[in-house]
Amino acid sequence: MKALSIRPDYAFLIMIGDKTKEYRSWSTNYRGPLLICSTARKIKDTIPGHALLVVDLKAVNKLADHQFEWVIDPVYSIYPFAVKGQQGLFNVDDKLIKKAPIDNEPDIDKINEWCDKYLEPLFV
């Protein structure tokens with residue numbers, strides 16, 4: 001799967017659904033599933049150096065001053081795993097990406113239990 005490294009604080013905002021646009025100085029013709037990976041930069045209350053979720057890259061809009069707005073929609077949560085990020089789009093083996101059972105889960109206790117087990121230990 002194609003992957004993109006993003007600062008951990010921004011990756012976290014995408015993961016919780018608060019960020020649906022990513023701004024880049026470069027464009028891509030690629031559209032479709034995109035693995036969001038947080039960079040290794042340690043920022044308090046984030047999860048650095050891990051693949052966190054899959055989004056749908058829907059559009060890339062050209063803005064002023066050679067900037068591009070990447071429009072993304074979260075698709076599904078994954079079991080986070082360590083990944084060494086790279087510049088630009090890069091490939092991650094699909095076998096490493098395992099969908100989490102929390103999407104569309106109506107039981108908030110089950111969601112919290114999953115988050116406590118798989119996400120909480122990774123926060124810095």
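A residue counts as buried when its relative accessible area is under 20%, as exposed when that value is over 50%, and as partly exposed in between. In this predicted model, Y118 has a relative accessible area of 28% and is therefore partly exposed. Y79, at 27% relative accessibility, is likewise partly exposed, whereas W114, with a relative accessible area of 8%, is buried.

These three residues, Y79, W114 and Y118, form one aromatic cluster. A pair of aromatic rings is described by the distance of the centres and the angle of the planes. The rings of W114 and Y118 have centres 5.2 Å apart and planes at 40°, so this pair is tilted. W114 and Y118 are four residues apart in helix α2, which means that about one helical turn separates them.

Five aromatic pairs are counted in the model. One of them, Y79 with Y118, is edge-to-face, at 4.8 Å centre to centre and 85° between the planes. This pair links distant parts of the chain, since Y79 belongs to strand β5 and Y118 to helix α2 (residues 108-118), 39 residues apart.

Strand β5 (residues 68-82) pairs with β2 (residues 21-24) in the antiparallel sense over four bridges, and R24 stands opposite F68 of β5. Strand β4 (residues 50-62) also pairs with β5 in the antiparallel sense, over eleven bridges; here V54 has Y76 as its bridge partner in β5. The hairpin of β4 and β5 has five residues between the strands, and D65 takes a positive phi near 55° there.

Key. Residues numbered from 1 in each chain as written. Predicted model: local features only at pLDDT ≥ 70, side-chain atom pairs only at ≥ 80, totals over all residues. Heavy atoms only, no water. Pairing = 2+ DSSP bridges. Helix = DSSP H or I, 4+ residues; strand = E, 2+ residues; numbered from the N terminus. Phe/Tyr/Trp six-rings, centres within 6.5 Å; stacked < 30°, edge-to-face > 60°. Buried < 20%, exposed > 50% of the residue type's maximum accessible area, 1.4 Å probe, protein only.
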